[in-house]
Amino acid sequence: MSDTNAQSVRYVRDTILPQQPPPASAVGFIGWARANLFSSWFNSVLTVISLAFIFYVLSGVIPWVFQSVWNANSLSECREVMVATWGDTHGHACWGVIKERWLQLLFGFYPPELYWRPIVALGLLLVALAPVLYAEKVPSKLLIVTALYPFVMPWLLWGGTIWAPLMVMAGFGLGYMAYTILSTKIGSLGAIIAGVLVPIVWWLFLSGAVASALASVLPLALQSVESRQFGGFMLSTLIGVVAIGCSLPIGIFLALGRRSDLLILRALCVGFIEFIRGVPLITLLFVASTLLNIFMPPGTNFDIILRVIIMVTLFAAAYMAEVIRGGLAALPKGQYEGADSLGLNYWQSQRLIIMPQALKISIPGIVSTFIGVFKDTTLVSIIGLLDPLGLSNAIRADAAWNGIYWELFAYIAVLFFIVCFGMSRYSMSLEKRLRTDHR
């Protein structure tokens, strides 16, 4: 170093200063509040106004929830306790109706001694969903429960002989066998047609007689429960779970059919999707409850819950198809060309390359459709099924609870919020797990 440079440096530190903690105003809650709530004068004003509004709402809601009556057998008794305790009935909830009717709001008129059956069905549902929702964290052997659940659940809820669901399961097995055997002899298209027709023939003409014969030899059955005894949140969960589980695969095939090069197939899929999306769900439910039996053979007893499930599933599938079609349209053309360059056929490219990416893109729309379908199950109360809202009307028709509203609706809202919020949080975690960027 020259003398000039040496003279320009007055002092050079030869030791490193110890690290100092950041200012208290930049970390912790204070730092977060300064960065997110009070970063400017405008945000500060909005924060103060929002806090005032939240305080105003909570100051009315919290006393209504906690300064309430739980032990009462009627609304008039609730009001008497409120007057004796607080001197007024205003601003106090009467949770006595929930304490008395919460089981009915959950299970409807299902026999109380058989409550264990829907509880077991719910537990098996969680086990069956585990390998689907958390494939990397649970044993793959649980997929056996997933495959068997669609046949076990109806038997648990409705009861009857165990041979009926086994015969339905056998129909799928026969269809698969027919497809496997004929695919090498008559081609894939003919094998697919045979794989569809064989189960239909089995279910319509043979399964009932075989099930009756086996039941006469080995009578394994549960006590039967009629559909009119179903109700409450159990009914909403049943319709929602089946509609959600069936609408996704149907929606995938409809989306693929709408983008197909086959004119007839594309026209059928477009016609179905546009018709279903152009008709309100309540209209389809009225068709299911009143008109569908007209088109069935005389003497056919088509269960009302099954009819509703079919209509809700078709309604959800039409919207699901458009969500998935948006995901397919968002993929760049290079993905399709890459699949072709690898020598994959149509179904291989869809299964291995195209559909996984399209479903990943469509996760927010798919979950939004699921949530909407689950909430739309409350519409079945209009056609006479006693879902939670239908039961709330029946409870309020009782002279003891005539005039009570908010407590019932709040309880029902909490039940639906728990399920819908759970689906929303899972979708967010799934998006985070599948994220391929590093932002």
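**View 1. Lining of the second largest pocket.** The lining holds twelve nonpolar, five polar and three charged residues. Nonpolar covers Ala, Val, Leu, Ile, Met, Phe, Trp, Tyr, Cys and Pro, charged covers Asp, Glu, Lys and Arg, and the others, Gly among them, are polar. This is a predicted model, in which local features need pLDDT of at least 70 and side-chain atom pairs count only at pLDDT 80 or more, while totals for chains, interfaces and linings use all residues. Residues are numbered from 1 along each chain as its sequence is written, and side-chain values use heavy atoms, with hydrogens and water left out. Of its 20 lining residues, L256, R259, S260, D261 and Y346 are the closest to the centre. Helices α10, α14 (333–341) and α15 (346–361) each supply at least two lining residues. The largest share, five residues, comes from α15. (A pocket is an open set of points on a 1 Å grid over the protein atoms alone, where a 1.4 Å probe fits, with protein on both sides within 12 Å along at least five of seven lines; lining residues have an atom within 4 Å of a point. A helix is a DSSP run of H or I, at least four residues, numbered from the N terminus.)

**View 2. Packing of α10 on α13.** Helix α10 (residues 232–258) packs on helix α13 (residues 304–330) at about 45°, with axes 5 Å apart. α10 is therefore oblique to α13. (Oblique is what remains after roughly parallel, under 35 degrees, roughly antiparallel, over 145, and roughly perpendicular, 65 to 115. Axes are lines fitted to C-alpha atoms over the stretch in contact, and angles run from 0 to 180 degrees between N-to-C directions.) α10 passes α13 in a right-handed crossing. (Right-handed means the near helix is turned clockwise from the far one by less than a right angle; left-handed means anticlockwise.) The contact of α10 with α13 has 22 nonpolar, three polar and three charged residues.

**View 3. Crossing of α10 and α11.** The two axes come within 7 Å and cross at roughly 125°. That makes α10 oblique to α11. The crossing is left-handed.

**View 4. E322 in helix α13.** E322 lies in α13. E322 is buried, with a relative accessible area of 17%. (Buried means under 20%, exposed over 50%, with partly exposed in between, for a 1.4 Å probe and protein chains only.) E322 and G365 are 43 residues apart in sequence, and their C-alpha atoms are 9.4 Å apart.

**View 5. F275 in helix α11.** F275 lies in α11 (residues 263–277). F275 is exposed, at 52% relative accessible area.
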